[in-house]
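This briefing covers the interface between two protein chains. Please keep the structure in view while reading.

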Amino acid sequence: MATFPEFISQNEERDGVRFSWNVWPSSRLEATRMVVPVAALFTPLREQPDLPPIQYEPVLCSRATCRAVLNPMCQVDYRAKLWACNFCYQRNQFPPTYAGISEVNQPAELLPQFSTIEYVVQRGPQMPLIFLYVVDTCMEDEDLQALKESLQMSLSLLPPTALVGLITFGRMVQVHELGCEGISKSYVFRGTKDLSAKQLQEMLGLTKPSASQGARGQQAQQQPLSNRFLQPVQKIDMNLTDLLGELQRDPWPVTQGKRPLRSLGVAMSIAVGLLECTFPNTGARIMTFIGGPATQGPGMVVGDELKTPIRSWHDIEKDNAKYMKKATKHYEALASRSSANGHIMDIYACALDQTGLLEMKCCCNHTGGYMVMADSFNTSLFKQTFQRVFTKDVQGSFKMAFAATLEIKTSREIKVSGAIGPCVSLNAKGPCVSENEVGTGGTCQWKMCGLDQSTTLALYFEVVNQHNAPIPQGGRGSLQFVTQYQHSSGQKRIRVTTTARNWADAQTQIQQIAASFDQEAAAILMARLAVQRAESEEGPDVLRWLDRQLIRLCQKFGDYHKDDPNSFRFSETFSLYPQFMFHLRRSPFLQVFNNSPDESSSYRHQFLRHDLTQALIMVQPVLYAYSFSGPPEPVLLDSSSILPDRILLMDTFFQILIYHGEMVAQWRKAGYQDMPEYENFRHLLQAPVDDAQELLHTRFPMPRYIDTEHGGSQARFLLSKVNPSQTHNNMYTWGQESGAPILTDDVSLQVFMDHLKKLAVSSAA
Amino acid sequence: MSQQGYVATPPYSQAQAGMGAYPAGSNQHMYGHYGGPPQASFPPPAGSMKSPVSSSTPGMPPPPNHYNPNGQQNGSHPQSYPGAPAAPGAPAAPGAPAAPGAPAGYGHPLQSQYPSMGQQAPPPAKQLTNQMGAMNLGNYAPGPMQSPPTASPIAPQPFQPTPHPAMGQPPGPLGPHHPWGAGQCLVLQWQDLTCLVWACPTLDHLPQDPGASSSLVPDPIAQQATPRNQVSLGARWQGPDGRAQMAGGQMAGPQPGFPGAFPGPGMAGPPQKKLDPDSIPSPTQVIEDDQAKWGGQLYATNVRGQVPPLVTTDFTVQDQGNASPRFMRCTTSCLPCTADLAKQCQVPLAVIIKPFASLPENETPLYVVNHGETGPIRCNRCKAYMCPFMQFLDGGRRYQCGFCSCVNEVPVFYFQHLDHMGRRMDFYERPELSLGSYEFAATLDYCKNNKLANPPAYIFMIDVSFTNIKSGLVKLVCDELKTLLDNLPREDGAESSAVRVGFVTYNKILHFYNVKSSLAQPQMMVVSDTVEMFVPLLDGFLVSYPESRAVIHNLLEQIPDMFADTNESETVFAPVVQAGLEALKAAESSGKLFIFHSSIPTAEAPGKLKNRDDKKLINTDKEKTLFHPVKGLYEQLTKECVAQGCSVDLFLFPSQYLDLATMGHVPAHTGGSVYKYSNFQVETDGEHFLRDLRKDVEKSMGFDAIMRVRTSTGFRATDFLGAVYMSNTTDVEMAAVDCDKAVTVELKHDDALSEETGAFLQCALLYTTVGGQRRLRVHNLSLNCSAQLPELFKSCETDSLINFFAKTAYRAVLNQPLKSVKEILVSQTAHMLACYRKNCASPSAASQ
């Protein structure tokens, strides 16, 4: 372990964990003075090719309140066949099967490189995967056609045993019975009336297998796990393909000046209810495809009169969005029902206008579902994104996991205060639960109905050790993350990550702590807190809070003379942090200007679930420059980087943008690239395109791909992102030559930093 | 055609033959079952009658407990009622054989019914009442329908048998339960004359019905029986039903003379026995005479106030300015001039209008007059339509309305010069000037929401609960529909029917079917939310049969199989009607629902009914509650159906109590019909049912109709009886009206009428044709007025009178105890006859 950066990346590689501090202050008081809390970004299912799942069950600490899993950090007495739990110090006997262990014959979970290990649990039935399509039929024929094709395509990607179901909706909601001969049957429901699961069960004629299911246990479980509405793909493949093929636009007439009546709220409620009464506590995906906002019934977000537009941020601020609260409540209720049963809710919203994602966001956010926003089902953005949902790994199983629970064990000195990410609380109290809640707190267990390899939770901890009870030298704080989930192969798996960090006395070893600062992780962890706040608080308040935190951090760790801004220095481990904050303040996660509520919800949704690297890109887009003067190089996200003879490639995560500088654009227009003698120009043009393709192929969801040039209308995406170092206010003083001025009144990074320094060194603060 | 009326009875007389088999005739459907049983028992033993008669006659006031007698008499068949309802189909085992005894049974109950009467009411009255029932039998039955040839031979029989044969008969097949009876009553309301005949009897029964099987059913017979008792007296009257009374007159000479033949009606009173049976006019004779006079003849309607031939007579009408009697008949074609006179004679003034009566082949269908954009020409003041009663003045520039006397300008485009007689030159070119009945093409102003009407739709709603599947009904219906749908009614001259069809099956949930022609296979859409019914689809539910034939056949093929192994026995009803209604609303059209239903709707849903067949109420003041529909939902439903022009026809296949009083409420007010086949079995009742169904599907209809009766000054229409809905006092709303439905309109004086000008009636019916066109059908009738009672009595039509009495009595049953209804009926008849005797009859006939 040479340097902290290496340590950090190694830890991330192995365990999928990044901490804001890699050496922890040893007392509560000191910890609070660190400004940035001790927290971690944890990616439970981070792809780890060299992690073979082991085929037995984990060994647990025998103390009822602990139940931690045997791990490499435990002290083992090979002779006595005992091990000491590193969380509660309980001494445990090894189970009989471990009789043969010795220093040279260690089980995998004791090997240091397996601080993260995955167990395959054999007990319990293999559950099938369940996919329930909920399809809007109120859309243009062209869109519907594209959607139908995508859906039909997806059938071929599903494993043959997966169960599928189909619900379509427009003015009415239809639950289709699959596999009927001779006649196609569906149950129809009014789009204006919500139904409880029980009512639904009666109306669909679904009686539970038998009341004595519990008693019969195994036997009842053995029954074919399907019913008339959810059947194995292999059985109803043709039938469903035909059914999809025959889907028609909602036949109810839509008069001019009206929106089609779309019973989205009820349709989702029925989907949730259907799974709730047939497959509770089993992984399942409800995939909802919508072509517009819900316009009737519970969950409606806008009336059917076209003359009243759907709510904007302006309306919301003015408290003028009359359907919003009620709809949000409806979808929250659905989300909690769905997550209680371990079912994922995906929303694929393809429409030019808003579709109510703001109200529905909790459905995706709480259940770990995807939220995809596109202009039309007939775009590659939707098609490829949807296809990528079904990507498979080398073993041929989907890269998604279902119905996971994450449990955290902590050593005594530290407790967990909460999580921010796509999860819901399981309300499990325990000794490691802190009284201070952050995000989804008050528990040490969370449910994540759906997760994939990049799903990342931000976990916040609290050091509870009292200042006057110093931790003995060499003591380490340990954390264990136990993730139980349903693998897409149907297996139940448990992944255990155990990690530990050194304690340090903040008064004597502040340098050490400062050096262990992971500014990238810290930025994202703070950003998640900020976004979380932004959901409920006014924008300016959040920004002010963020600024105050930044100033305090500078005061704490900066090197300066009081009241002398010019003397301010920041060590390398902190140097990028203010810049991240600067871009975060400008990001769509905290700024709603120019974004619709739906867009904001969608951006925030993505930000709250992706891993550190991707989140960083979202906060501070990456900019590459391609020019004749050298190989492609990353350049500052600054207006000064926009030069006439450069091609820029910007990756904001949501957009991949290629920007041709003024001169390059002229050359291209003149057709130089087609002339053999200017082949190098052709190569130059091609290079960013190739790179962009590569990014497009790996990213989920698919970003919007934009190819523009100097003066092009879409160049605005670039101009709104770069640091406005040159604006119409100061460009003349900067000389004519470099960069392109941005017409904005926003402060530039320079101004921001100047103010920051001034405030940080101010003795008044 | 003549005796058709009788026909009704005949089948019975033929007892052995087929009880089940009705004369294909028409209207009998409903009654089938009821009537059925009795028939069975009906003994032909005509001859024997007389003697028994005498014995049992008047004197014998049956002990309060009528049944006892039965018991005793029957001896061998102590009240073994063969399953009442089953009767028709059922070999009526008991019936036939028992025949001889039969009459007795009936006889008894009868008497018992009127026990009190004997003492209280003037004897004559009593008899009259009885007759009433019988009367109807006679004339009207066959009414309009010129059907079965069977008639004549049989006709006579009924009568003779009358004398009631042996008493001991088990009332057997009789009286199912009350409720059903109630159902029957309903029917009354809306059937036309013919039907009435059948229905009438019911009145009597209803009342008695009590647990006692008593005479519920036996009606027809019962009445007949009665006469016997009254012996001669009755006989006369009853004769051919009331007809007889006037009949006498008619027979004798044309309208005029009532030959003294008329026995001073019942006046004879007690001394009945002394009457000479031979001098009693025979109803058969009356009918035959009328038939002889008019049979096959041309009856021109050019004379004001002429008395038309009997309904039993087969004649040809030539419309010459007054509506054919097939469309309108009055209780008397000569109105009393003053209200006092009307009160004095006690003859109710009413007109029975059957706007859609079917016309025989040889009569011209109604002409359609199209005035284009302007629409029909109407009086500015009273809004009466242009008709033969309008007087053109001023060289043809103006016309005076015959109804309100308002003088109107003739529109320019309509101007025509007058000829030397003051008639317009184009008199014969314009149906509205020269004919009593014709139609106008309606303009947008006459359409709902100012939108052209859509062709109506027929929705077949089949109960696929366990009972219907098991009885084979579902399969029967589905198979039949495959061919039947080719015969949907069509506009005259149209190549195919414009009527669209839709299908629903249900038990406690509903299944709608998408049978769009473009589909490879039908789609089923299940709606289990019966609390708030809605229609799950728009496109593809109502389709044109020829276009979607393949899909529909496919569906009809599959329905019986799909539910073959159902074990659902609960059903819903109100949501089914609601569903049909919603479908029509969504399609913005009028239409008709054919509901094939099996059992009382007990499933948890709106309109759930419970068994309220409380036998304890029978014969008490609360008895009427049994006939009343359950309040609330069904009434609301009725209202909505009428507003949408949704008619409901119910085919019921119950095996137990059904609360028909409630379920029948909707059909009763939407121009629908109720058909009931108790304990349905395909083998025995199948053909009967199919025949009813075919007729019901094929018959010509008008939808979403609204009728208005206008009269000339001095009198007006005050009350309307029939399968109609009234939201105000003048507009008669009918969701649908078919060729068998009639509305009885009561007329009252406002003022004195003038003998010279007479009285005019104009019935205008705005409706949608089966082709989806909006039309106005106008029937005009002119009547005489007279201050002379003999004139009045001469012009009376018994058929119509009975119709009126029956309908009013039915209505009364719902509000008063049966006993008082009966009393009122008796006393009114007595008054009427007394008045006749006092003013018209020759004194000599005292003894008669």
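**The interface of chain B and chain A**

The rule finds 11 residue pairs in polar contact across the interface of chain B and chain A, both residues at pLDDT 80 or more. On the side of chain B that touches chain A, strand 14 (523-527) and helix 21 (545-562) each supply at least two residues. Strand 14 of chain B gives the most to that side, with 5 residues. The model is predicted.

**Make-up and extent**

- The side of chain B that touches chain A divides into 17 nonpolar, 5 polar and 3 charged residues.
- In contact across the interface are 25 residues of chain B and 18 residues of chain A.
- About 1,900 Å² is buried between chain B and chain A, and carbon and sulfur atoms give 56% of that area.

**Strand pairing**

- Strand 11 of chain A (residues 184-190) is joined to strand 14 of chain B by 5 bridges.
- The two strands run parallel.
- A:Val188 has B:Val527, in strand 14 of chain B, as its bridge partner.

**Salt bridges**

- The rule finds 3 salt bridges across the interface of chain B and chain A.
- A:Arg190 and B:Glu532 meet through their side chains in a salt bridge, at 3.7 Å from N to O.

Methods: Residues numbered from 1 in each chain as written. Chains lettered and ligands numbered in written order. Predicted model: local features only at pLDDT ≥ 70, side-chain atom pairs only at ≥ 80, totals over all residues. Heavy atoms only, no water. Contact = heavy atoms within 4.5 Å. Buried area = accessible area lost by both parts, 1.4 Å probe. Salt bridge = Lys/Arg side-chain N within 4 Å of Asp/Glu carboxyl O. Polar contact = N/O pair within 3.5 Å; in protein donor to acceptor, adjacent residues only side chain to side chain. Helix = DSSP H or I, 4+ residues; strand = E, 2+ residues; numbered from the N terminus. Nonpolar A, V, L, I, M, F, W, Y, C, P; charged D, E, K, R; others polar. Pairing = 2+ DSSP bridges.
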